[in-house]
Amino acid sequence: MPKLLGITPGVILLLTLLITFGQAGPRRSRWRNGNGFYQRGLREEYRTYPGNSGWDAAGGKCGYESCPEIKKDMLNVHLVPHTHDDVGWLKTVDQYYYGSKTLIQKAGVQYILDSVIEALLRDPARKFIYVETAFFFKWWDEQTEELKEQVRELVNQGRLEFIGGAWSMNDEAATHYQSIIDQFTWGLRLLNDTFGECGRPRIGWQIDPFGHSREQASIFAQMGFDGYFFGRLDYEDKRQRLSKKNAEMIWKASENLADGDLFTGVLYNTYQPPPGFCFDILCSDEPFMDSPYSAENNVDAKVDKFLYYVQLQAKHYRTNNIVLTMGGDFTYMDANVYFKNLDKLIRYTNARQSNGSAVNVFYSTPSCYLKALHDADITWPTKSDDFFPYASDPHAFWTGYFTSRPTVKRFERVGNHFLQVCKQLTALAPSKEGHFGPHLNVLREAMGVMQHHDAVTGTEKQHVANDYSRMLHRAIEACGANTQIVLNQIVDPVQKKGYGKKQNHGVKRDFTFEFDTCHLLNISKCEITESKG
């Protein structure tokens with residue numbers, strides 16, 4: 001049987017097509033107004049999703065129309081409940097999802113989503129944002145149809161909002177733009193297919209990557225995002241920006257593209273809550289103790305401290321709106337604890353308004369915060385270069401990850417090359433077979449995980465790096481089955497009819513040609529040439 005070794009068809013990059021898919025909805029017409037924002041039909045774009053019965057009749061709204069009312073004569077404090085769920089870091093993806101290996105880290109994403117949905121259903125005033133679609137759709141596939149309808153209702157009401165929307169929160173230094181676009185394409189496509197227009201993210205949310213690239217902002221702008229928020233930048237740059245009220249800006253992300261400008265904001269406390277106000281079960285801050293007869297009553301002290309903090313933060317920003325990130329790494333495993341205390345924080349702080357306080361606190365989202373800034377209609381500073389390198393402290397430059405774990409970085413690039421090959425051949429197959437889609441999706445999702453800011457960067461633990469490599473190898477093998485069949489269909493007329501039904505794993509197929517690849521060439525090892533002659 002003739003063998004063709006190391007066949008690598010030319011990769012055709014249809015960048016325009018990928019970006020169009022990545023929008024997960026119709027592209028919005030845009031025009032620039034006086035304050036440097038792009039007006040992108042903020043209200044008109046949110047329509048009834050026909051897959052959700054009863055939503056329109058119930059009067060639900062999503063997106064910017066679901067935003068709370070802003071009080072112009074007060075300091076408006078946007079509380080954004082969120083969780084940052086690393087798609088692998090100290091534990092593997094599955095260990096994080098299922099909550100195993102608690103001696104390494106107490107973190108279970110399935111419990112976060114269970115708990116948050118329950119808490120949102122209990123109180124219509126609450127809001128929550130979610131980012132990592134790799135975890136969300138793993139959880140979604142396990143839910144009943146009844147719960148799925150309830151989640152769709154939360155999305156349609158703007159109470160559960162997807163931000164970012166990619167398969168993972170990608171790094172911006174060690175990644176390739178093609179892989180970034182691919183993983184956004186896949187995440188946004190699933191959100192659009194599942195939730196319609198109300199599931200479409202409008203905001204880039206890169207709160208944990210170790211520095212930020214101008215090209216990332218350009219990609220967000222080209223995908224039609226309205227804004228971009230991040231947490232990490234050089235400590236001296238941050239200090240200067242806060243002192244001059246330049247932490248929010250228009251990022252001119254491209255010298256060539258007319259639509260390359262994007263509003264960008266630096267979060268005040270990276271992505272953590274104010275000191276003393278982390279109410280999660282993983283935190284040690286005191287809860288609100290509000291019984292009027294309790295010797296432990298701390299309402300006045302907590303509110304005083306909160307008012308001091310928000311007024312301090314407000315001094316560094318240009319409008320009467322500030323955003324507080326109420327969450328952190330794998331928070332909300334018991335969402336009731338966090339939300340119950342946030343409810344009290346809102347109630348007792350706003351009660352001070354009757355005594356002359358000018359602070360208005362409410363549940364919000366990054367989208368609603370952006371809308372409030374847009375409505376302020378002021379002029380913003382601009383920026384046109386990168387936020388690299390990132391230094392968190394003196395003599396603490398986060399640059400080692402540019403080259404760490406080089407074999408993982410190389411394997412990720414090989415995976416990207418093969419994903420393009422697999423996509424092209426699957427699309428061009430003379431005869432479609434039932435397993436083509438699932439096999440291709442396995443590689444799409446593995447490559448989405450590899451873009452995570454603790455994957456391709458090499459900042460993960462060794463056993464996690466091993467799991468990333470296992471996952472990618474398995475995905476390449478799965479897509480390799482596609483390419484072998486399609487190449488045989490192309491070169492052998494007998495194979496062109498193919499098999500319409502999905503074949504069981506392990507079923508032996510007789511091919512005229514074998515198309516094999518040596519996966520271990522980085523260590524000069526190739527079983528084909530060494531053992532098969």
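Two strands are taken to pair if DSSP finds at least two bridges between them, and strands themselves are DSSP runs of E of at least two residues, numbered from the N terminus. The model described here is predicted: local features need pLDDT of at least 70, side-chain atom pairs count only at pLDDT 80 or more, and totals for chains, interfaces and linings use all residues. Residues are numbered from 1 along each chain as its sequence is written, and side-chain values use heavy atoms, with hydrogens and water left out.

On this basis, three strands form an open sheet in the order β11-β4-β12, with parallel pairing. Its edge strands, β11 and β12 (359-363), each pair on one side only. From one strand to the next, the twist averages 25 degrees, where axes are lines fitted to C-alpha atoms (for helices over the stretch in contact) and angles run from 0 to 180 degrees between N-to-C directions.

Strand β4 (residues 75-84) runs parallel to β11 and is joined to it by nine bridges. N76 has N321 of β11 as its bridge partner, and H84 stands opposite D329 in β11. In strand β11 (residues 321-329), eight of the nine residues are buried, that is, under 20% relative accessible area, with exposed meaning over 50% and partly exposed in between (1.4 Å probe, protein chains only).

Helices are DSSP runs of H or I of at least four residues. Helix α11 (residues 366-376) packs on the sheet, touching β4 and β11 (contact: heavy atoms within 4.5 Å). The direction of α11 makes about 165 degrees with that of β11.

## Salt bridges

The structure holds 21 salt bridges, each defined as a side-chain nitrogen of Lys or Arg within 4 Å of a carboxyl oxygen of Asp or Glu. Within helix α11, D375 and K371 lie four residues apart, about one turn of the helix; their closest N and O atoms are 2.8 Å apart. D375 is partly exposed at 47% relative accessible area, whereas K371 counts as buried at 13%.

E197 and R202 form another salt bridge, with closest N and O atoms 2.7 Å apart, and both residues are buried. D290 and R347 meet at 4.0 Å, N to O. D290 lies in the loop between β10 (261-266) and α9 (299-314) and R347 in helix α10 (residues 335-351), so this pair ties together parts 57 residues apart in sequence. D290 is partly exposed at 24% relative accessible area, and R347 is partly exposed at 44%.
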